[in-house]
Amino acid sequence: MVLTVKRHTARTATLTFAAILAIAGALAYVTAPPKGLDGYRERAAATAETLASQVETASLWVQVQADGKATTAATLVGLEEAAEDGRAAATTFEGYEPPTEAVTLRGRFASLAAEQERWLDLPALSAPLSGLAEEWTRFEERAEP
Amino acid sequence: MKQAFAFTLGTLSAIGGFIDIGDLVADAQVGARFGLRLAWVTLFSVAGIMCFSEMAGRIAIKTQRPALALARSRLGPRFGLFGLIGSLLVTGLLVMAELAGVALALQLATSINYLLWVPVAALFVLIVVWRLPFETMERLYGVLGLTMLVFVVAVFQLDPNWPNMAQSATTIAPTASESWATYLFFVVALIGAQMTPYEMFFFSSGAVDHRWRPRDLWEMRVNVIVGFPLGGLLAVAIQATAFLVLFEPGIAVEHLSQTALPVAVALGKAGLIVAIVGIFAATFGATLETLFSTSYDVAQYFGWSYGKLQPPARASRFVTTMLAMLFGATALALTTINPITVTIVAVVCSASLLPFLFLPVLLVANDRELMGEMANGKLSNAVGTATLVLSCVVSTLAFPLLILTKGGTV
Amino acid sequence: MRASELIGSQVVDERDRPVGLVRDMRVEVEGADMPSAFPIIGLVVGPPGLRSAAAHAWGYAEGRAAGPAVFRRLLEPALQHSLFVPADHVLDWGPGAVRIRENGRDRSSDAGGLR
Amino acid sequence: MSRLVSARIALLDNQIVDCHRLPIGRADDLEIELGGGVPRITALLIGSQPLGDRIGGHLGRAMAAVSARLRRGAEDDGPPAIPVSSIRDLEPLIELDLELDDLPNVAALEQWLAAHFVERLPGSGDASE
């Protein structure tokens with residue numbers, strides 16, 4: 001009886017430990033910063049894709065609002081979400097330490113991100129917004145390793 | 001009259017269960033990224049969930065017990081407890097996600113932050129489960145849920161290039177810019193979102209609360225045959241609207257608002273408002289379903305009394321479990337954790353649990369002594385076994401894919 | 001003693017040769033009025049292993065589970081080695097190992113409704 | 001007329017209901033009386049205590065301990081046991097000819113929660129209208 005209890009304790013302990021390790025490993029993998037130049041470029045491209053998507057979403061909302069096809073409440077929500085997500089994605093990427101070869105890439109990213117900040121603050125100018133989306137797409141293509 | 005009730009039970013299970021926060025998110029994401037290239041998954045899901053819900057309904061009619069009630073005597077207490085804890089965790093996450101969905105719908109309607117709506121929604125749910133009789137609940141959300149049909153109307157309004165649609169729907173491969181891993185991940189996510197086991201148990205438990213008898217067999221089958229394909233149609237419609245509006249500009253769906261956006265493009269203000277009502281109804285109905293089914297699962301495992309037809313004091317353990325779940329879900333939602341992320345994780349986890357919940361139903365439905373002439377026929381067994389095997393594959397792939405694709409973000 | 005202690009315990013014969021595991025017990029119940037106790041008329045003994053365990057747990061041993069065909073084909077072979085041991089052939093009911101007479105290996109299929 | 005049943009399928013883990021078909025609990029284990037010829041099943045054991053013992057491991061032991069705690073003095077009279085003589089019918093439910101209220105220490109948690117929590121909530125008892 002005592003023996004079985006001991007075995008149980010041991011097994012449970014190992015299992016718990018293994019589970020914790022697995023979860024920690026998974027989280028580490030999912031949230032790991034990019035490695036090397038290629039990793040950095042990849043991440044830059046991915047972020048650019050996200051930001052382009054945000055800009056497109058914003059301009060679509062602006063458009064439907066202009067056509068009187070959306071309620072103001074919904075449009076405001078849509079625009080705010082796009083702006084917040086854009087900011088979040090940009091901040092995350094700018095948090096990564098760029099490899100020396102990628103400094104210019106990072107500079108370009110920063111300027112585009114700043115531009116986006118401005119547009120999203122006065123989204124009524126939807127046309128330049130969609131222009132921005134194209135710029136992001138070009139950036140993405142150039143960034144891709 | 002009874003027919004109408006019964007029909008709304010089917011509709012509620014279809015709309016509230018089939019179209020819930022999981023579909024509103026996963027279908028829109030899939031449509032925006034892959035077009036209709038994953039529409040075939042919905043066919044499988046509908047067939048599978050129809051088959052098992054029909055079994056569950058038959059078991060409920062014959063034995064007067066919900067499907068899961070007989071699971072423990074087949075799987076034994078340990079295996080049963082494992083399944084119970086698993087589905088408790090997953091459905092718990094879903095309750096939170098659905099509740100957040102209700103709040104997000106209210107945010108879309110008012111542009112007041114959803115976090116402020118979460119407690120209001122929770123209070124709403126509380127009042128409904130506490131005061132509203134089962135039938136009223138069903139009729140209300142069954143009917144309100146029908147407003148989701150606006151997504152179908154939107155598809156036609158956007159008047160798509162049908163050959164393109166057909167071409168996309170018949171291609172079983174990722175789009176150029178996507179990897180097979182991501183494609184498969186969304187296969188799993190869709191199955192998890194559409195083959196929701198709680199739907200099956202809610203369906204059978206409802207049948208018990210309705211005191212259905214063998215003569216109601218066909219009524220039950222009509223619910224299955226009407227309800228679930230309707231849900232599947234709506235799911236594909238959501239994929240299609242996202243495909244037609246969001247695919248071209250390369251918009252990735254990360255918010256419920258983006259699910260509704262295509263409807264605004266297609267049908268304008270009125271359509272958008274109807275869509276928001278539909279989203280509200282679907283998530284609200286699903287909140288009730290998930291809440292009930294988790295409590296049912298617990299009560300059935302331990303053999304407690306349960307159900308809407310019992311006065312609370314007679315089923316105090318059931319009621320307490322339900323209130324605890326609702327409270328926990330509300331607290332979790334208020335941590336500002338991203339409800340969309342939670343939804344995706346929840347549907348993937350739920351996909352990985354499917355075998356544990358399908359197996360006992362399949363076994364009990366085959367028990368000649370219990371089921372007599374209502375035992376499974378060849379068709380149910382063929383579809384059921386196929387679904388079970390498929391769900392085993394899905395269940396083994398779910399977590400590796402979740403991590404490998406970082407939740408579909410790469 | 002509790003049923004859970006009996007089910008799953010080792011079964012050996014007089015010379016301590018392993019016979020299998022207790023998978024189930026056949027109990028006699030009255031249709032109309034229940035007696036003060038249900039006599040256990042015998043044990044169902046099956047070989048170790050998952051397939052045998054599943055076959056007995058899921059009702060394939062009683063032939064009550066008529067399908068699915070895949071399961072039947074998978075599980076019923078495991079029942080070839082299951083046997084029904086009448087109570088009077090059991091020398092020691094445990095707890096611990098259950099000891100049965102050597103000639104207690106009654107394979108007659110209808111005994112206790114075992115296939 | 002007597003018939004043979006499989007203890008695992010017909011008894012163990014099955015749902016027990018009272019004469020009004022109110023759920024009482026599950027047959028979490030069966031009491032077997034040895035000695036004197038053929039062993040006999042004398043009672044159905046209900047509750048997290050026998051269930052916990054069956055599940056075993058840390059979780060099982062915890063369950064058993066908690067349920068023993070809930071019913072003070074349970075260490076003496078053991079888990080709630082229902083004599084098989086009070087069984088009226090088997091499969092799919094184990095139907096008893098008793099009333100839930102006649103079984104004192106069954107569903108102790110139910111009664112405790114009802115008395116201390118649920119009945120104090122506004123509008124309890126109306127949910128089934």
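Colleague: How much area is buried between chain D and chain C?

Modeller: About 2900 Å² is buried between chain D and chain C, and carbon and sulfur atoms give 62% of that. Buried area is the accessible area (1.4 Å probe) that two parts lose on being put together, summed over both. In chain D, the residues that lose the most area to chain C are D:L4, D:R8 and D:I32, together 21% of what that side buries. The model is predicted, with local features needing pLDDT of at least 70 and side-chain atom pairs pLDDT 80 or more, while totals for chains, interfaces and linings use all residues. Residues are numbered from 1 along each chain, chains are lettered from A in the order in which they are written, and side-chain values use heavy atoms, without hydrogens and water.

Colleague: What makes D:D53 and C:R2 a salt bridge?

Modeller: The term requires a side-chain nitrogen of Lys or Arg within 4 Å of a carboxyl oxygen of Asp or Glu. The closest N and O atoms of D:D53 and C:R2 are 3.1 Å apart, so the pair forms a salt bridge. The count between chain D and chain C is one.

Colleague: Why is α3(B) called oblique to α16(B)?

Modeller: The axes of helix α3 (residues 39-63) and helix α16 (residues 378-404), both of chain B, cross at roughly 120° and come within 9 Å. Angles under 35 degrees count as roughly parallel, over 145 as roughly antiparallel, 65 to 115 as roughly perpendicular and the rest as oblique. Therefore α3(B) is oblique to α16(B).

Note on methods
Axes fitted to C-alpha atoms, helices over the stretch in contact; angles between N-to-C directions. Helix = DSSP H or I, 4+ residues; strand = E, 2+ residues; numbered from the N terminus.
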